[in-house]
Amino acid sequence: MEELKRLKAQLMQVQQKQSANRLTDRNIVEIVNKLVGNYSLELVFTLSGKEYLTPKRLEQEIEQEVKKHGRINLIDMPGILNVGVEQIEKHAIIVADKTSDVEFINGQLIANNYLDMIAQEINETLEETGQLPLSDLTYKYSLPMQYLKDRIEARIGTIIYGHFKQNNVLFTDVYVQRHLAKLRGFLRGCEKPTELKNFDQSLVPNQVKDLISNKEIAGSYQNGTFTPSVYLDNIKKEIEDFFALNSYLPYDFVKKIMNITSTPALKNWINKEIGGGIHLENSYAKSEFIEKLRGEVKEALEQHSLINVNTDLNLPTCIEQEDLESLVEEGNTVAGYYICNENCIKKALDLFKNKISLTAEETKSNAKGKKSGTPTIPKQEILNTLAKARFQNADEEFLESLSEILYPKISRLIVEQFEQRSQTADLDSPSIVQEINYLMVCCKSLGGLSKKYTNLKPLKAHLTKTIVNKVFNQLLEIQLKNQGFGSISVNSNNRQAMIERLPEYLREILNKLVAKMSSKDPEGFIAELLDNIKDIPVVSVKQVDKKTERLITHKIKQDLKSRLDECLNENKYGEIVYFAMKLKIANFFAIDVPFEDWALRILTEIYEVTIGNDEAVQCFRFIIDNFKNEDPEMHERIENMLRDIRSQLSG
Amino acid sequence: MESAGDRIPLLTVNAGPRDPNWADRLREEYAALIRYIEMSQAEDNDWFLIEPDDSGIHWRGKCWYIHELVKYEFNLEFEIPATYPATPIELVLPELDGKTHKMYRGGKICLDIHFAPLWSRKQPSYGIAHALCLALGPWLAAEIPVLIDQGVITANS
């Protein structure tokens, strides 16, 4: 019975116990997801999916592994840590950042102790070999060159006893010193340019330069070759001897002996080391030497107008055809291997004199026919002409060169002649013809008036003084130019002197014209001019025809109308009267008299005899008599009158 | 995987309350119940609390069922019949009396169809623990959600 009680108590006790809190895997997953989602819990899943890791734990594990192995590839880690490679890579970088003695490079984590270990290894190898190229090390340890170099450099002096020299080679000091000593000995023994092939190429350039700059050895180093000073001195001496002996120095000789390939460098060297000469095409020569040759050429040209360089002169072989130019004096011409003097060229040009003028003439007529093209004689034709004339009995080679030289000269001559002709043609410009035509119209007016009006003398004097004088001076200028005296401005002072320059037949005609001018006889002047026009060159005029006359009259009227309009707008009384009268009688009277008292009176008189004594003329006379009067009443009267005239004129 | 019912120790003493061996039988009943409760607790799945009188014939307690995060708790009582273990125990949930037709008058749950044949086949080796595990447990799981859906019982009833 006791036992039953105990069992009952046990049953009750068991039932009172807290039951274990048991969660299913599904619930756990959900809870974890909730924590990750809502409470920013960071977790890393294992590859098997049965465990979670915190990033911190993963990083700790990574660090432990790296320190254990020294160097570990990330690809090997998933197997060890049971975590995906992406996660490992992500956290490996963090580990490398956080931890000073772990580095991440090329997908590998490397611990500092590993680097120390390889540094010891490197130092051991270096002690054996004396030098160790970095490329070998990068290959051996499969690490990037710069990375490895930096890590090695950081351990130089502590673990590694050596230095980097050029070309990324690691050397021990002992090795470098021994090499320098060997090099010094070798170079001191050198007599000729020597290639330093048997030495350590990564040390040679710097060590040789140091030796040279420290003056331990004398010479120069270039492109792996050492040239001792002794050798240079010897060569220089040889070149100098040659130059002193021959007065010239062929470039080829110097190039070969000095082992220089470029000509500018060679010229520089010569200028610096030799000097005192002139550079020719292929050689360097003393100035005196060139002067001597010049003298020879000059002498030969004095005797012959044409010399053959090869046969007539004894020039040294260093003188090339291109150098001849520098040997001849001005005026003399080089053609191939020939030199000819001025005389020779002139003779040659004489052969073409006719042809040149003919071509110039043709070109002129072509130009009138609007045909374009540069006037010239073809080279072949020049050559043929020279050959035909057996010029100087020279050979064909010379003639060819000569024709090359003559061609531009001939072309220039043709152009010059052509331009001269064109200028002469320009002289018979229409301006003088127009002036003469106008003069003839004026004379006709005089002829017409003479029946009704007698006081013509002032008009004739005025015409002579103005238009006749102008026509004569222009005529004289044209004749002077045509006779080749150039453009000279003629006036009454130099007129007679200028006439004297002309040929006699012209002088005669012009003097006759002068006589007519002196007697103030424009009509006589025109008559004389027309009589002799056949004998006057360039200028050509004939008696003015009706058509031209009408044109001139029309132009005069147009001009007067516009002037009158201007004056009407400005209320210039005097001018208004003056232009109005001139316009009214323009059909009978073409002479341009000035706005002066005498002319106004004559104008009124002519107006009276031609148009009649109308209101207008009375009005004009009144105005002429009074337009200087300043009485305002008079002004008003004049103004009214002018208004009438204006309406009359416009009507 | 063997079910919870299979893991409850089988009983050996074939004796009812009126038999002289009842105490032995009762000892076995306690042992089986304790074992079952421990198993349930280990799986965080305990769902009843019962207490016998000294004779081990009258039992009272509570059973509960969790549906959609809400715990529904009911009183539980039963009596060991005189013909036990040939006759199975009649489990009574008085609060649910009249609320479902899957129940006899007086709140006895209906076990005829499923459990009674199993019991008659297994007796006398099945005991109280088996009855709770294989009869009341499934009945609650089948009926309570229906009753909740029907609104017959609510969270606070």
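Let's start with confidence. Chain A has a mean pLDDT of 81, and 94% of its residues reach 70 or more. Keep in mind that this is a predicted model. Chain B has a mean pLDDT of 86, with 97% of its residues at 70 or more. For the model as a whole, ipTM is 0.86 and pTM is 0.35.

Where should you be careful? Look at residues 368-372 of chain A, where pLDDT stays under 50. The model gives that stretch one contact beyond four places in sequence. Where pLDDT is low, the predicted coordinates should not be read in detail.

Now to helix α21 of chain A. It covers residues 457-482, which is 26 residues. From first C-alpha to last, α21(A) reaches 35 Å, close to the 38 Å expected at 1.5 Å a residue. Where does α21(A) bend? At Thr464(A), by about 40 degrees. Just past the end of α21(A) comes Gly484(A), with a positive phi of about 90 degrees.

Next, the partners of α21(A). Two packed helices are described by the angle between their axes and the distance between the axes.

Take α23(A) to begin with, residues 504-518. Its axis and that of α21(A) come within 11 Å and cross at roughly 170 degrees. An angle over 145 degrees counts as roughly antiparallel, so α21(A) and α23(A) are roughly antiparallel to each other. From α21(A), the contact uses Thr464(A), Val468(A), Asn469(A), Phe472(A), Leu475(A), Leu476(A) and Gln479(A). From α23(A), the contributors are Leu506(A), Leu510(A), Leu513(A), Val514(A) and Met517(A). By class, that contact has nine nonpolar residues, three polar and no charged.

Then there is α24(A), residues 522-532. Here α21(A) packs at an angle of about 25 degrees, and the axes are 9 Å apart. Under 35 degrees counts as roughly parallel, so α21(A) and α24(A) are roughly parallel to each other. On the α21(A) side you find Lys460(A), Leu463(A), Thr464(A), Val468(A), Val471(A), Phe472(A) and Leu475(A). On the α24(A) side you find Pro522(A), Glu523(A), Phe525(A) and Leu529(A). This contact has eight nonpolar residues, one polar and two charged.

One more helix pair in chain A. Helix α12(A) spans residues 251-258 and helix α13(A) spans residues 263-273. Their axes come within 11 Å and cross at roughly 90 degrees. Parallel, antiparallel or perpendicular? Angles of 65 to 115 degrees count as roughly perpendicular, so that is how α12(A) and α13(A) are described. Tyr251(A), Val254(A), Lys255(A) and Met258(A) make the contact from α12(A). Thr263(A), Leu266(A), Lys267(A), Trp269(A) and Ile270(A) make it from α13(A). The tally is six nonpolar, one polar and two charged residues.

Last topic, the backbone. Most residues other than glycine have a negative phi, and most peptide bonds are trans. Here are some exceptions.

In chain A, look at Asn82(A). It is not a glycine, yet it has a positive phi of about 60 degrees. Asn82(A) sits in the loop between α4 (77-81) and α5 (85-98).

In chain B, look at two prolines. Tyr84(B) and Pro85(B) are joined by a cis peptide bond, with omega about 5 degrees. Pro85(B) lies in the loop between β3 (70-79) and β4 (90-92). Gln123(B) and Pro124(B) are also joined by a cis peptide bond, with omega about 15 degrees. Pro124(B) lies in the loop between α3 (115-122) and α4 (128-150) of chain B.

Definitions and conventions:
Residues numbered from 1 in each chain as written. Chains lettered and ligands numbered in written order. Predicted model: local features only at pLDDT ≥ 70, side-chain atom pairs only at ≥ 80, totals over all residues. Heavy atoms only, no water. Axes fitted to C-alpha atoms, helices over the stretch in contact; angles between N-to-C directions. Helix = DSSP H or I, 4+ residues; strand = E, 2+ residues; numbered from the N terminus. Contact = heavy atoms within 4.5 Å. Nonpolar A, V, L, I, M, F, W, Y, C, P; charged D, E, K, R; others polar. Expected span 1.5 Å × (residues − 1). Bend = angle between axes of the 7 residues up to and from the residue. pLDDT = per-residue confidence, 0-100.
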